[in-house]
Amino acid sequence: MKLASLGLTNFRNYRRLEMEAGPGVNVLFGRNAAGKTNVLESIFFLATSRSHRTHQDQELVLWGEDAMAVRAVLDSGYGQIQAEIRYQLDHRKQIRLGGSAVRITDLLGRVPVVLFAPDDLQMLKGSPALRRRYLDLFLSQTHSGYFNALQSYLRVITQRNGLLRQLREGGGSPGTLEVWDEQLLDYAATIVAHRLDALEMIQERAREAQAQLSEEREHLTLSYVFSPGGLPEGKEQVREALAAALRERRREELARAQTTVGPHRDDLAVLINGVEARSFGSQGQQRSAVLALKLAEMSYLRRQLGTAPVLLLDDVTSELDGGRRGLLLDAVGREAQTFITCTTLHDLDPRWLEASRLYQVDAGEVRIHSND
């Protein structure tokens with residue numbers, strides 16, 4: 001599935017935008033703060049119903065307005081369908097496909113996306129939440145059961161933590177905690193099982209990319225860090241290990257009023273030559289590892305969905321040197337629809353510009369630019 005056109009109303013600095021998109025490489029160039037990243041953000045939002053830059057949907061609405069909309073015509077090669085997300089301040093988002101209201105699960109995977117942005121280096125250097133988000137994003141786009149389990153699990157965690165606070169203060173019913181534990185274990189086992197299966201699949205592609213970037217000097221491995229410790233082999237073993245951990249930590253959880261084990265506390269360890277890249281990797285190794293993870297994500301989405309994901313490259317020239325850009329270009333090929341932002345066309349490898357569609361962005365306006 002590709003974007004044939006994109007429309008924005010009161011999104012970020014765009015009061016109104018209507019643009020057609022080419023099936024191959026689309027380059028948006030212009031000065032900083034002109035609105036290039038906002039276009040990529042709108043595509044990511046349309047594909048996932050979330051922004052990659054903020055958790056607050058109200059921040060996406062043009063200042064002074066009370067509602068915004070992102071819409072697109074999606075082209076599968078066999079037909080077109082309209083997609084739209086509307087959001088009004090203090091209201092829930094409304095998602096429509098083909099004119100009919102749908103749920104988020106009906107949207108995810110329709111336009112699979114992979115985003116590469118300057119902040120992605122923090123995925124490796126930052127908190128475990130960023131690495132969990134990496135897994136959650138591509139798994140949610142490929143497995144509706146994973147997304148549903150994750151959303152249900154997070155609701156259970158909220159309710160369970162609320163009950164822990166009540167119990168700590170002398171209220172609530174201890175028996176109710178066991179009810180929440182049973183639900184937590186069911187959803188948690190599904191989440192961890194999906195993550196382990198996905199890691200097994202992306203490991204090889206990530207390892208190949210890191211080896212290619214380092215001329216075979218660096219060996220990248222990925223491992224899942226299970227918060228109770230150890231790593232169970234199957235879904236039922238995950239459930240049993242979590243159940244035991246909850247029993248062992250009951251006193252601690254009551255004291256802290258927090259659920260201390262589970263998928264929301266797990267992590268993804270990225271090792272280069274057996275050493276944790278987060279703490280001991282050089283800047284260059286970390287950049288290569290992030291790119292390797294993104295290439296593995298692209299490969300996974302393509303394999304699971306049978307179509308190349310839309311690739312969003314935000315200011316990629318500031319993060320990748322020539323060798324890394326070349327690897328990315330070779331991996332993308334001509335199959336994936338790609339949107340690239342840059343300040344000047346001179347920043348891009350000439351191969352990115354071959355048969356590309358160019359757009360000049362200036363103060364919330366996007367104009368087609370001749371590539372003659």
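**Close-up 1. The largest pocket of this predicted model has a volume of about 1,700 Å³.** A total of 48 residues line this pocket, and Arg50, Ser51, His55, Arg133 and Gln151 are the ones closest to its centre. Sorted by class, the lining comes out as 18 nonpolar, 14 polar and 16 charged residues.

**Close-up 2. Here's where the lining of the largest pocket comes from: H4 gives the most, with 8 residues.** Elements that each supply at least two lining residues include helix H1 (36-48), strand S6 (94-97) and helix H2 (104-107). Helix H3 (121-125), helix H4 (128-142), helix H5 (144-168) and helix H10 (283-305) also each put in at least two.

**Close-up 3. The second largest pocket holds about 160 Å³ of space.** Look for Arg71, Ala72, Gln82, Ala83 and Glu84, the closest to the centre among the 13 residues that line this pocket. By class, the lining splits into 4 nonpolar, 5 polar and 4 charged residues.

**Close-up 4. H4 meets helix H6 (residues 174-213), with axes that come within 11 Å and cross at roughly 90 degrees.** On the H4 side, the contact is made by Arg132, Tyr134, Leu135, Asp136, Phe138 and Leu139. H6 answers with His194, Arg195, Ala198, Leu199 and Ile202. Taken by class, the residues of this contact are 7 nonpolar, 1 polar and 3 charged.

How values were computed: Residues numbered from 1 in each chain as written. Predicted model: local features only at pLDDT ≥ 70, side-chain atom pairs only at ≥ 80, totals over all residues. Heavy atoms only, no water. 1 Å grid on protein atoms, 1.4 Å probe; cavity = no way out; pocket = protein on both sides within 12 Å on 5 of 7 lines; lining within 4 Å. Points joined across faces, edges and corners; volume = space filled by probe spheres on them. Helix = DSSP H or I, 4+ residues; strand = E, 2+ residues; numbered from the N terminus. Nonpolar A, V, L, I, M, F, W, Y, C, P; charged D, E, K, R; others polar. Axes fitted to C-alpha atoms, helices over the stretch in contact; angles between N-to-C directions. Contact = heavy atoms within 4.5 Å.
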